[in-house]
Structures are given as structure tokens and as C-alpha cells.
Amino acid sequence: MRDDVYARLRDAIVDGTFSPGETLRDGDLAEWLGVSRTPVREALLRLAASGLIVARPGRSTVVAEMEEDAVRHARDIVAAMHGLAARLAVPLITASVIERMRQANAAFAAAVESGDADSAIRADDDFHGALVEASGNPSIAMVLGQFEPVVRRAEFLRFVSIDRFAARERHDALIALCAAGDAEGAARLAFDTWQTLPVAVPGQLPV
């Protein structure tokens, strides 16, 4: 239940259900989710650690504004972790991992064409997650679990930019490098792919 409550609150912040600056009350959230206040309070602590909310003791808990520096710092860490994952995964990669990446990229492309941001980001997560899992290093997933929620908000900004149409080509290129056993090339491209995420769009909030 703890993980489910955390995931639902995290996703509601990422997709804009809860807007930047909006006040979050544990009692209201508990009623909305149909749970007690305890897992909600625990989830809020985790969300604060990820930088998605700002907890002000004795005052209020609010959804964090999307500040450029915070997104940039999180993006840099996430890019480094995905680059490392690719470097470690390629020497160990199997045909089933390559096929999972191909299927995820096809789902991503279909979601982009239909304008489905939620499905596109889930497919993108599955695509890159294949290399994270194949890397054999659980610490990478732990670090990503802390910083990726902030970056996911930026991913919604990517979706409203033309850059999303180039993502499938980058995915195809990454698949080719993995299949060819080019660990360094795959690591560079994985890193560069995450570095393309926008940290801000003037006048544009995540949608």
C-alpha cells in the first residue's frame, strides 16, 4: 500500500493533476485515495526527498514549482545513470532485451502519433528500463528512483515540443548500437538522449 500511495501521488504531480504551488493536505489526500493518513504522510516524505513537494513544518505542504536548476541537476544525474546502464548492459545484452526495446519503441511511436502523453512516457520508461534491468546493477535503479520523478515532469514538456518526433530515431539508433555490441557508443547516445530533455519552456507548464 505504501508504494501504491506514493506512486499515485507522484504520478498526479508529474502529470499536472496537482499543480505547482498547490497545497496538499494529508487528510484530503487520504480521503481521495481511500486510505489512512499514515501511508499518505510517508509518501509525502518521499516526495519531499525527490523534490516534488515542499514541506513547511507547521505551515503547509505544497507542490514544488518546476525550477530550471532543480530539473537540470536531476536530468544530469539521470542522464549519467542511463549512460552507465547502457555501458554495463551491452556486454550482457540478450535477444529478448533487444526485442523488448523494439516493442517499447513501437509503442512509444504509436502513442506520439495519437497524442497520448501518458502512454508515450510509459513506453519510454519501458524502453530505457530494459537497459537498466539488463545492467545488473540495482544501485542504478535506486538512484533513478529518487531523481527520475523530477525529470518526468520535464518529459511532459518534451511531449509538447517537436523534439518528441526525433526520439524514435534516437531509440532506433540506440537499439542498433546495443545489437552491434558497441557499449561506449550506446552509453554516449543514452546519455545524450536524456540531456535533450528541456528544463523549461517559457509560459508552458507540464500537461
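Predicted model: local features only at pLDDT ≥ 70, side-chain atom pairs only at ≥ 80, totals over all residues.

Biologist: OK, so are α5 and α6 roughly parallel or roughly antiparallel?

Modeller: Roughly antiparallel, because the crossing angle is roughly 165° and anything over 145 degrees counts that way.

Biologist: And what's the handedness of the crossing where α5 passes α6?

Modeller: The crossing of α5 past α6 is left-handed.

Biologist: Which residues make the contact?

Modeller: On the α5 side they include Val97, Met101, Ala104 and Phe108. From α6 you get, among them, Ala120, Ala123, Phe127 and Ala130.

Biologist: How do the residues of that contact divide into nonpolar, polar and charged?

Modeller: The contact of α5 with α6 has 13 nonpolar residues, three polar ones and four charged ones.

Biologist: Switching topic: how many residues does the largest nonpolar core have?

Modeller: It has 34 residues, and Leu9, Phe18, Val40, Leu44 and Leu47 have the most contacts inside it. At least two residues each come from α1 (2–14), α2 (26–33), α3 (37–50), α4 and α7 (138–159).

Biologist: Which helix gives the most to this core?

Modeller: That's α4, with six residues.

Biologist: What does leucine 9 touch, leaving out residues up to four places away in sequence?

Modeller: Leucine 9 touches Phe18, Leu29, Trp32, Leu33, Ala43, Leu44 and Leu47. There's also another core apart from the largest one, with 19 residues, including Ala89, Phe127, Ala134 and Cys178.

Biologist: Now arginine 75. Where is it?

Modeller: Arginine 75 is in helix α4 (residues 68–89).

Biologist: Is arginine 75 buried or exposed?

Modeller: Buried: its relative accessible area is 12%, and the cut-off for buried is under 20%. Setting aside neighbours within four places in sequence, arginine 75 is in contact with Val151, Trp194, Gln195, Leu197 and Val199.

Biologist: Last one, leucine 177. Which helix is that in?

Modeller: Leucine 177 is in helix α8 (residues 164–180). With a relative accessible area of 23%, leucine 177 counts as partly exposed.

Biologist: And what does leucine 177 touch?

Modeller: Not counting residues up to four places away in sequence, leucine 177 touches Asp182, Gly185, Ala186 and Leu189. Leucine 177 and leucine 189 sit twelve residues apart in sequence, and their C-alpha atoms are 8.9 Å apart in space.

Key: Residues numbered from 1 in each chain as written. Heavy atoms only, no water. Helix = DSSP H or I, 4+ residues; strand = E, 2+ residues; numbered from the N terminus. Buried < 20%, exposed > 50% of the residue type's maximum accessible area, 1.4 Å probe, protein only. Contact = heavy atoms within 4.5 Å. Core = buried A, V, L, I, M, F, W, Y, C linked by side-chain atoms within 4.5 Å. Axes fitted to C-alpha atoms, helices over the stretch in contact; angles between N-to-C directions. Parallel < 35°, antiparallel > 145°, perpendicular 65-115°, else oblique. Left-handed = near helix turned anticlockwise from the far one by under 90°. Nonpolar A, V, L, I, M, F, W, Y, C, P; charged D, E, K, R; others polar.
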